[in-house]
Structures are given as structure tokens and as C-alpha cells.
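Please open the model in a viewer and keep the selection panel at hand. The stops below proceed from the whole chain to single residues.

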Amino acid sequence: RRMACEAVVWLLSSVVVSVAASLVTMPLVAAVFGITSLWGIILSPPLVLLCAVVVAVVVGWILLPIGALTPVVGWVVESATSLMNDLTAWGASHLSLIFTEHLSAALCWGVYLAYIAFTILLWGLSPVRRGIPHRS
């Protein structure tokens with residue numbers, strides 16, 4: 001049971017990190033390339049979960065290569081990667097959440113300063129920072 005809980009926490013952490021990385025790099029991408037897509041944020045969670053399925057199946061297959069399961073492993077990996085490609089192509093084909101506007105350097109810096117201020121605020125509100133013990 002504990003291992004299942006840790007697996008869920010690991011998956012959720014992966015999704016959160018992926019969304020956070022998309023959010024944090026978005027202003028820089030808009031400033032440098034002049035194009036920003038919100039589809040990256042929306043499609044990150046299912047893509048990360050599909051990637052976790054592929055990694056888990058491949059690592060399991062490497063550790064325990066049972067010949068009879070070869071077609072099943074191949075089908076799972078092919079299906080998951082095909083779905084990942086289809087989701088990515090679908091997001092790229094819908095221009096509704098793709099913005100082609102260059103962000104000025106000053107506005108980009110402003111966004112990053114706001115990120116820093118928000119991080120400091122959250123860090124100050126953290127229970128661990130205030131001396132409240134972390135539950136395990």
C-alpha cells in the first residue's frame with residue numbers, strides 16, 4: 001500500500017513539475033520566438049502519464065524479459081507512443097490557444113520578477129519554514 005501511495009505521489013509530482021516547467025519557460029519562449037502555446041500546459045499531464053506507462057513497461061521488460069509477453073509489451077508501448085503523438089498533433093492543429101505575439105524584454109523580466117515574488121511569498125508561508133514539523 002505504501003509503495004502504491006509513493007507511486008501516485010511520484011506521478012503527481014511529475015505532472016506538477018511538467019506544468020510548472022511549461023509555465024516558467026513560457027515568457028522566455030514568447031520573448032525569444034514570439035509564439036506561445038497553452039496546449040503545452042493542458043496536454044502535459046496526459047503526456048507525462050503516458051510517458052510513465054512507456055517507461056514502466058520498458059523497464060519492467062528489461063528487468064523481466066518474458067518472451068511470451070513480447071507482443072503485449074510491443075502493443076502497449078506502440079499504443080502509448082501513438083497516443084502521445086496524436087495528442088501532440090491535435091494540440092498543434094488547434095490554433096485557438098497558440099499566441100503569436102512577441103513579449104518585450106521588460107515584460108518578460110516583469111513576469112519573472114513576479115514569479116520570484118510569488119515563490120518568496122509561498123516559501124514564507126511554508127509550514128516547514130515556520131517550524132511546523134513535516135508529516136511523513
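This is a predicted model: local features need pLDDT of at least 70, side-chain atom pairs count only at pLDDT 80 or more; totals for chains, interfaces and linings use all residues.

Residues are numbered from 1 along each chain as its sequence is written, and side-chain values use heavy atoms, with hydrogens and water left out.

**Whole chain.** Display the cartoon: the chain has 4 helices and 2 strands, taken as DSSP runs (helices H or I, at least four residues; strands E, at least two) numbered from the N terminus. Their order along the sequence is α-β-α-α-β-α. The radius of gyration, over C-alpha atoms, is 20 Å, well over the 14 Å that the globule rule gives for 136 residues, so the chain is more spread out than a compact globule. That rule is 2.2 Å times the number of residues to the power 0.38.

**Nonpolar patch.** Select V55, V58, V59, I62, L63, L64, I66, L69 and V72, which form a nonpolar surface patch of about 800 Å². Patch members have over 30% relative accessible area and no salt bridge, and nonpolar side chains (Val, Leu, Ile, Met, Phe, Trp, Tyr) are joined within 5 Å. A salt bridge places a side-chain nitrogen of Lys or Arg within 4 Å of a carboxyl oxygen of Asp or Glu. Areas follow the Shrake-Rupley method with a 1.4 Å probe; for residues, only the protein chains shown count as cover. Helix 2 (residues 39–63) supplies the largest share, 5 residues.

**V72.** Move to helix 3 (residues 70–93), where V72 lies. V72 counts as partly exposed because its relative accessibility is 46%, between the limits for buried (under 20%) and exposed (over 50%).

**S22.** Finally, select S22 in helix 1 (residues 2–33). Its relative accessible area is 18%, so S22 is buried. Show G40, I41 and S44: S22 touches these, residues up to four places away in sequence not being counted; contact means heavy atoms within 4.5 Å.

Note on methods:
Patches are made of residues with over 30% relative accessible area and no salt bridge: like charges are joined within 9 Å, nonpolar side chains (Val, Leu, Ile, Met, Phe, Trp, Tyr) within 5 Å. Buried means under 20% relative accessible area, exposed over 50%, partly exposed in between (1.4 Å probe, protein chains only).
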